[in-house]
Amino acid sequence: MTDAFLAELRASAPPAPERLRERVEAIAAHEPRARASWREWLQPRRAVLVIAPAALAAMLAVAVAHGVFETPGQHEAAPSPPSAERAKSRPARVPAPTNPHRSGAFDRAGGGGASAQALKGIAGTPQAARGRKQDYRATLTVRVANVGRMSDAMKAAINATRRWGGYVVSARYDVPGRNGDAELVVRIPVQHVQAAIQRFSNLGTLAAQDVSIRDVQGRLDDYTRQLASVAKLIAKTRAELLDPNLTRAERATLEARLARAQARGGYLRGERAKLARTASFATVTLNLTTRAAAAAAPRKQGDVERTLRDAASILALELAYGLYALIVAAPFALVALLIWLGARVARRRADDRLLGST
Amino acid sequence: MTNRRPAAYTGCVSAVELPARHPNATAARPTFAAAARAHLDDVYRYLLYLTKDGTLAEDLTADTFERALRAWPRFDPRRGSARTWLCQLARTSALDHFRAEQRRHRREERYARDEPVAAEHHAGGLSPELEAALARLSPAEREVIALRVVLDLDGPSAARVLGIRESACSTRLSRALDHLRREMGTDD
């Protein structure tokens, strides 16, 4: 159907009045800058296209950086028992036992397997720092050929411990059948701990070793400072008590203060002595076993493999955090989206009502 | 009168503009002054049909171009033509005006739709019958006629201006034309 009025509508479309044309030309005389600001450029779709790859790249960069830069440091701090070759070629990489100014933190080493040859030098075993008090703990797992050898090894370890001036804390011997396990916990003067580890490692095939060192020098120094302070207080209080002009109440107060200070001094001396005793002996746990599985040394990882593994673990951690954030934020985002959609629909309906199109 | 749903409009509307995102659509960006010169009449006509008031249409047209000047850096020719974009801005200006009017009329307990039709001859050389019939249409009906018939916008562009789907736009145009025919007394 060709409606005549359609043609009329088209034909008689009114042009804009001249005065409007002048108004608009005046407006258009100020040509806006062609280049948009970053806010105008950063539309939501563009933002997603830019931010998502950037975030992904940042995650990968952090993971790779962690893998590349952190792994060598960890490697030095936590060396596996070195092979003979490594012990020979890199003796300088034997780590310092701990940060001498860090008190209370354990430095750990070991955990890996080693061949019997590796025990000759135990070059990778952290040594106690000279001149500092440290809490030194070592755990060795040694495989022996049979139950008879295990018994001999136990006796040898106990004898050696006594020879060095140490003592046995606990011993367990468990031989239910052909195979057996034994655990010996000994305390050995720290100056002999390296020799003890070497001696114990030579009792069989070293399957694993774990060394933890905690510096306690800071705590000892702290006790010493406190003791000096308490001693000063005691001396001062005693001097004050010599004053004959003291009232009964003042004397009672000073005596109470003196008693408190003396008690505090006794406590501090005891704690310091206990700590010093702890630090003067190393705790060595020797696990003996006849089981072959215990002697299976884990496959050594190369630097590249370790770097990749560390990078992957950081990436997994990042993803876990991202997922966590997503789970936490998702309900809020959903509510916000629903509110936005609802507001949009409501506005559109209001517009339709306004124009009478419903 | 039957209450049947009108069929979608399939009348003659020449495709002056390529639809948005058409692969052959040109992405050339005109200057603002050129776009204003080229589409001033279209914006004015659209607003004139929507408001039924020549003076108001002039004011809203000027307001539209002021908005357009501020928003021009955001205009992306790949997403639609300048004419479509300007008509969208014009519609926003008109709706803002209607809302403000509605609030004012609410305060006075009256609605803009209930106001008597302005007697002004708004559309130039239209016959009195056609002009009266147009005045009896709702603003939504007049605006779809303005976009599709007077401005000759294609379906996708008109739907984009109205913020609805293309099929809904066709249906709205069909209803509007049926209504106009009835008002003109030419309903078959």
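This is a predicted model: local features need pLDDT of at least 70, side-chain atom pairs count only at pLDDT 80 or more; totals for chains, interfaces and linings use all residues.
Two residues are in contact if their C-beta atoms, placed from the backbone, lie within 7 Å. Take the contacts in chain A between residues at least 6 apart in sequence: 86% of them join residues at least 24 apart. Chain A has 11 helices and six strands. Of its 358 residues, 25% are buried.

Now look at where the chains meet. Here 30 residues of chain A are in contact with 40 residues of chain B. On the chain A side, helix 1 (4–11), helix 2 (18–28) and helix 11 (303–355) each supply at least two residues. Helix 2 of chain A gives the largest share, six residues. By type, the chain A side divides into 16 nonpolar, four polar and 10 charged residues.

Move on to chain B and its helix 1, residues 32–51. This helix is not straight: a kink of about 55 degrees is centred on His39(B). Helix 1 of chain B is also mostly covered, with 15 of its 20 residues buried.

What follows helix 1 of chain B? The next residue is Lys52(B), and its phi is positive, near 65 degrees. Most residues other than glycine have a negative phi. Lys52(B) has a positive one although it is not a glycine. Its place is in the loop between helix 1 and helix 2 (54–71) of chain B.

Find Asp152(B) in the loop between helix 5 (139–150) and helix 6 (155–162) of chain B. Asp152(B) has 19 other C-beta atoms within 10 Å, so this residue is partly exposed.

Finally, see how two helices of chain B pack. Two packed helices are described by the angle between their axes and the distance between the axes. For helix 4 (residues 128–136) and helix 7 (residues 166–184) of chain B, the angle is about 130 degrees and the axes are 9 Å apart. That angle makes helix 4 of chain B oblique to helix 7 of chain B. Their crossing is right-handed. Helix 4 of chain B makes the contact through Glu129(B), Leu130(B), Ala133(B), Leu134(B) and Arg136(B). Helix 7 of chain B brings Leu180(B), Glu183(B) and Met184(B). These contact residues divide into five nonpolar, no polar and three charged.

Key:
Residues are numbered from 1 along each chain as its sequence is written. Chains are lettered from A and ligands numbered from 1 in the order in which they are written. The bend at a residue is the angle between axes fitted to the seven residues ending there and the seven starting there. Helices (H or I, at least four residues) and strands (E, at least two) are DSSP runs, numbered from the N terminus. A residue is buried if 20 or more other C-beta atoms lie within 10 Å of its own, exposed if 12 or fewer, and partly exposed in between; C-beta atoms are placed from the backbone. Axes are lines fitted to C-alpha atoms, for helices over the stretch in contact, and angles run from 0 to 180 degrees between N-to-C directions. Angles under 35 degrees count as roughly parallel, over 145 as roughly antiparallel, 65 to 115 as roughly perpendicular and the rest as oblique. A crossing is left-handed if the near helix is turned anticlockwise from the far one by less than a right angle, and right-handed if clockwise. Ala, Val, Leu, Ile, Met, Phe, Trp, Tyr, Cys and Pro count as nonpolar, Asp, Glu, Lys and Arg as charged, and the others, Gly among them, as polar.
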